[in-house]
Amino acid sequence: QGQYDRALERYQQALKIFRRVGDRWGEVLVLNFMGRVYRLQGRYDTALQQHQQALSIAQKLRDPWRESGALQATAR
């Protein structure tokens, strides 16, 4: 619906919560969502940073499913 700023605010809130409770898998998910929103805004460098953060965490977690999601998002 084009409410990118609002979406990013909500994702930032979610990211803070996931980090506070130590939910690394949730963190990966939200970082990828944020990357998608930044990409839709044309903010490609910022989008790539979000996806790279997600990829790094997924690799540390040894989670191939989330790692592949971050890689796919990076390639778009």
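Me: In this predicted model, which residue does R66 meet in a salt bridge, and what is the N to O distance?
Reply: The side chain of R66 pairs with that of D63. A salt bridge needs the nitrogen within 4 Å of a carboxyl oxygen. Here the partner is D63, and the N to O distance is 2.9 Å.

Me: Is D63 buried or exposed?
Reply: The cut-off for buried is under 20% relative accessible area. D63 has a relative accessible area of 10%, so D63 is buried.

Me: How many salt bridges does a search of the whole structure find?
Reply: R66 with D63 is one of them. R19 with E27 is another, and R24 also bridges to E27. The search total is three.

Me: Which residues are linked in a network of salt bridges?
Reply: R19 reaches E27 with the closest N and O atoms 2.8 Å apart. R24 reaches E27 at 3.2 Å. E27 takes part in both bridges. The linked residues are R19, R24 and E27.

Me: Where do R24 and E27 lie, and how many residues apart are they?
Reply: Both belong to helix 2, residues 24-40. Their spacing is about one turn of the helix.

Me: Why are helix 3 and helix 4 roughly antiparallel?
Reply: Helix 3 spans residues 44-61 and helix 4 spans residues 64-75. Their axes come within 8 Å. Angles over 145 degrees count as roughly antiparallel. The pair is roughly antiparallel because the axes cross at roughly 160°.

Me: Which residues of helix 4 make the contact with helix 3?
Reply: Helix 3 passes helix 4 in a left-handed crossing. Helix 3 brings L48, H51, A54, L55, A58 and Q59 to the contact. The contact residues divide into seven nonpolar, three polar and two charged. From helix 4 come R66, E67, A70, L71, A73 and T74.

Me: What distance separates the C-alpha atoms of A14 and L31?
Reply: A14 sits in helix 1, residues 4-21. A14 counts as partly exposed, at 22% relative accessibility. L31 is 17 residues away along the chain. The C-alpha separation is 9.8 Å.

Methods. Residues are numbered from 1 along each chain as its sequence is written. This is a predicted model: local features need pLDDT of at least 70, side-chain atom pairs count only at pLDDT 80 or more; totals for chains, interfaces and linings use all residues. Side-chain values use heavy atoms; hydrogens and water are left out. Axes are lines fitted to C-alpha atoms, for helices over the stretch in contact, and angles run from 0 to 180 degrees between N-to-C directions. Helices (H or I, at least four residues) and strands (E, at least two) are DSSP runs, numbered from the N terminus. Angles under 35 degrees count as roughly parallel, over 145 as roughly antiparallel, 65 to 115 as roughly perpendicular and the rest as oblique. A crossing is left-handed if the near helix is turned anticlockwise from the far one by less than a right angle, and right-handed if clockwise. Contact means heavy atoms within 4.5 Å. Ala, Val, Leu, Ile, Met, Phe, Trp, Tyr, Cys and Pro count as nonpolar, Asp, Glu, Lys and Arg as charged, and the others, Gly among them, as polar. Buried means under 20% relative accessible area, exposed over 50%, partly exposed in between (1.4 Å probe, protein chains only).
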